Amino acid sequence: MAQYAILIYAKAHVDEAEVVPGAREAHDRHFEDMVESGALVAAFALQPATDTATSIRDDVVTDGPFVDAKEVIAGFAIIEAPDLDAALKIARANPATQQGGGVEVRPVEGGFIAHRPAAA
């Protein structure tokens, strides 16, 4: 089965008044749905880029993401699906698409996940 990366975009700046009620719970349900279906390979939520991103270009290190944008990558997932249409169906169910953000789906060309022994 092919693997696809789903890049999850959210608004770069969200005031407390703009927070969608139940947004976190909707994302948790979508995550559980992907786990239960067997499609999810890996998923990561990122801390807000405006507070925590550090960018490096050549020898210059700056605070913040590369570009000042209306949207930032809030997280990403790697899924397995039989084809792009199936991957798009899974991605379309991501709550970000209904909460002012969006998703981008891209085929994975290759990857590596390091095996780490469990901590004692």
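Phe31 is found in helix H1, which covers residues 23-37. Helices (H or I, at least four residues) and strands (E, at least two) are DSSP runs, numbered from the N terminus. At 36% relative accessibility, Phe31 counts as partly exposed; buried means under 20% relative accessible area, exposed over 50%, and partly exposed in between (1.4 Å probe, protein chains only). Not counting residues up to four places away in sequence, Phe31 touches Leu40 and Ala43, where contact means heavy atoms within 4.5 Å. The C-alpha atoms of Phe31 and Ala77 are separated by 9.4 Å, and these two residues are 46 apart along the chain.

Leu40 lies in strand E2. Apart from neighbours within four places in sequence, Leu40 is in contact with Phe31, Met34, Val35, Ala77, Ile78 and Ile79. For Leu40 and Ala77, 37 residues apart along the chain, the C-alpha atoms are separated by 7.3 Å.

## The model and its layout

This is a predicted model, in which local features need pLDDT of at least 70 and side-chain atom pairs count only at pLDDT 80 or more, while totals for chains, interfaces and linings use all residues. Residues are numbered from 1 along each chain as its sequence is written, and side-chain values use heavy atoms, with hydrogens and water left out.

The protein has three helices and six strands. Along the sequence they follow the pattern β-α-β-α-β-β-β-α-β. Of its 120 residues, 25% count as buried. Among contacts between residues at least 6 apart in sequence, 78% join residues at least 24 apart.

## The aromatic pair

The structure holds one aromatic pair. The rings of Phe44 and Phe76 have their centres 5.3 Å apart and their planes at 35°, so the pair is tilted. Rings of Phe, Tyr and Trp (its six-membered ring) pair if their centres lie within 6.5 Å; planes under 30 degrees apart count as stacked, over 60 as edge-to-face and the rest as tilted. Phe44 belongs to strand E2 (residues 40-45) and Phe76 to strand E5 (residues 71-81), so the pair ties together parts that are 32 residues apart in sequence.

Phe44 is partly exposed, at 47% relative accessibility. Phe76 is also partly exposed, with a relative accessible area of 29%.

## The nonpolar core

In soluble globular proteins, nonpolar side chains tend to be buried together. A nonpolar core is a set of buried Ala, Val, Leu, Ile, Met, Phe, Trp, Tyr and Cys residues joined through side-chain atoms within 4.5 Å. The largest one here has 14 residues, and those with the most contacts inside it are Tyr4, Ile6, Ile79, Ala87, Ile90 and Val105. Strand E1 (2-11), E5 and H3 each supply at least two residues of this core.

Ala87 is one of the residues named. Beyond its neighbours within four places in sequence, Ala87 is in contact with Tyr4, Ile79, Ala81 and Val105.

## The two sides of helix H3

Helix H3 spans residues 84-92. Its buried residues are Ala87, Ile90 and Ala91. Seen down the helix axis, these residues fall within an arc of 95°, so they line one face of H3; the arc is that of the directions from the helix axis to the C-beta atoms. They pack against E1, H1, E5 and E6. The face turned away from the buried side carries the exposed residues Asp85, Lys89 and Arg92.

At the start of H3, a side-chain oxygen of Asp83 reaches to within 3.2 Å of the backbone nitrogen of Asp85. A polar contact is a pair of N or O atoms within 3.5 Å; within protein, one must be able to donate a hydrogen and the other to accept it, and residues adjacent in sequence count only if both atoms are side-chain atoms.

Asn94 lies in the loop between helix H3 and strand E6 (102-107). Asn94 counts as buried, at 4% relative accessibility. Its side chain reaches the backbone nitrogen of Ala96 at 2.8 Å. Leaving aside neighbours within four places in sequence, Asn94 is in contact with Ile8, His27, His30 and Val103.

The structure holds one salt bridge. Glu104 forms it with Arg106, the closest N and O atoms being 3.9 Å apart. A salt bridge is a side-chain nitrogen of Lys or Arg within 4 Å of a carboxyl oxygen of Asp or Glu. Glu104 is partly exposed, with a relative accessible area of 28%, and Arg106 is partly exposed, at 48%.
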